[in-house]
Amino acid sequence: MFADKKCLELKSIRKWDPLLPPPPLKPSQGGKISCDRSHHNYDMCSIDGPTVLDPKTSTFYLVDHASSNPPLLAQDSPRSPKCETQHNAPALVFSVAGYNGNFWHEFNDGFIPLFITVNSIFPDQDVIFVIDKARDWWVSKYAGLLKAFSKHPIVNLDNDNATHCFTSATLGLISHGFMTIDPALLPNSATFTHFRALLDKAYGHSRNQPSMYNSPVARPRLVLMSRKGSIGRVISNEDEVQRVAEEVGFDVIVFKPSVRTPLQKAYALINTSHAMVGVHGAALTHSLFLRPGSVFVQVVPLGLGWVADVCFAKSAKAMGVEYMEYKINAKESSLVEKYDENELVIKDPVAYRGNNWSSDVMDIYLKEQNVKLDLVRFKEHLKQVYDKAKEFKDKEG
């Protein structure tokens with residue numbers, strides 16, 4: 001649940017080796033510590049009662065007011081640390097390590113589970129986020145979204161030395177699976193539409209500010225997501241694809257986001273556009289910024305059908321976006337320059353992969369493969385996209 005040596009510890013009168021599965025913790029007077037490791041996708045621990053955080057050791061203490069002799073032990077200290085900052089709210093503790101820096105993982109592993117957890121455990125409460133491995137660039141990039149979740153400043157475990165006190169604490173985030181929010185599992189039946197509304201709360205104010213993207217457009221606007229370099233899944237004839245899209249009738253903006261791209265800028269562009277096209281990749285996470293009813297086209301390279309579905313198709317449909325796919329054929333893949341068309345890796349990627357989605361297989365389809373779209377075939381596809389996008393523009397502007 002938490003990365004490297006700064007695993008967050010829960011301190012009670014009984015001590016256990018954090019490297020071994022702990023036994024069930026029985027309630028103590030005035031509160032209890034409990035952990036749930038029964039789920040495939042996540043672990044959760046909670047402290048039901050007044051809680052003290054010592055960020056210097058990443059340790060949480062359950063404060064027992066019912067006993068004159070504190071039942072809590074921390075290292076050699078018989079008492080929990082003195083409270084320096086008092087919060088009249090619970091803490092939600094999680095880490096943003098792991099795949100941090102990958103835009104898709106930041107939402108799939110981070111903000112979507114955060115949304116689920118807040119709506120599961122704190123649907124009508126203030127909550128304070130205590131975050132491990134929150135680098136300065138991450139805090140800056142997602143400041144607006146964090147503020148939309150909670151009015152309280154975050155407690156950053158990596159640079160905060162003050163002792164904090166909370167009414168209770170929950171450690172870990174709940175996941176419903178890849179890019180999934182299951183309303184049946186939430187007490188308030190929240191959906192991906194509600195998550196999309198949260199994004200609009202965080203970044204939608206930009207629509208009231210002067211911007212080149214806010215002015216009315218005569219033609220439907222299409223955002224063409226660009227990938228460059230040796231990262232794989234690059235559209236090698238991107239300029240021609242842009243020209244074809246313009247011939248069909250679109251006003252095309254080529255967008256190449258980076259880690260440093262302000263989310264307000266990305267949101268302002270995509271939220272005011274009518275269609276988005278891009279090859280499968282982390283940057284398509286920007287499809288979360290599309291308005292319901294707009295059109296999202298995922299170009300699916302060879303061997304990536306199931307990944308395309310779980311990473312982007314399900315979430316787009318759940319938000320009410322008009323989702324379409326353009327599945328390339330073998331001749332549109334650069335893999336035919338390396339493999340014979342009759343080899344299984346080209347002819348039947350599903351059979352070639354089998355149940356083995358190993359790093360070697362991933363490298364073939366994700367890193368070694370670029371696409372050169374058949375302009376005649378793709379233009380016919382874009383005509384359908386244009387009709388849907390124009391209909392959406394005429395209705396919603």
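Colleague: Which residue in β14 does Val223 stand opposite?

Modeller: This is a predicted model, where local features need pLDDT of at least 70, side-chain atom pairs count only at pLDDT 80 or more, and totals for chains, interfaces and linings use all residues. Residues are numbered from 1 along each chain as its sequence is written, and side-chain values use heavy atoms, without hydrogens and water. Strands are DSSP runs of E, at least two residues, numbered from the N terminus. Val223 stands opposite Met276.

Colleague: Over how many bridges do β12 and β14 pair?

Modeller: Two strands pair if DSSP finds at least two bridges between them. Strand β12 spans residues 221-225 and strand β14 residues 275-279. Their pairing is parallel, and the bridges number three.

Colleague: Which are the edge strands of the five-stranded sheet?

Modeller: The sheet is open, paired in parallel, with the order β13-β12-β14-β15-β16. An edge strand here pairs on one side only. The edge strands are β13 (251-255) and β16 (322-327).

Colleague: What is the volume of the largest cavity?

Modeller: A cavity is a set of points on a 1 Å grid over the protein atoms alone where a 1.4 Å probe fits but cannot get out. Points join across faces, edges and corners, and volume is the space filled by probe spheres set on them. The whole-structure search finds one cavity of 30 Å³ or more. The largest has a volume of about 50 Å³.

Colleague: Which residues line the largest cavity?

Modeller: Lining residues have an atom within 4 Å of a point. The lining is Met225, Ser226, Arg227, Phe255, Pro257, Gly278, Val279, Gly281, Ala283 and Leu284.

Methods: 1 Å grid on protein atoms, 1.4 Å probe; cavity = no way out; pocket = protein on both sides within 12 Å on 5 of 7 lines; lining within 4 Å. Helix = DSSP H or I, 4+ residues; strand = E, 2+ residues; numbered from the N terminus.
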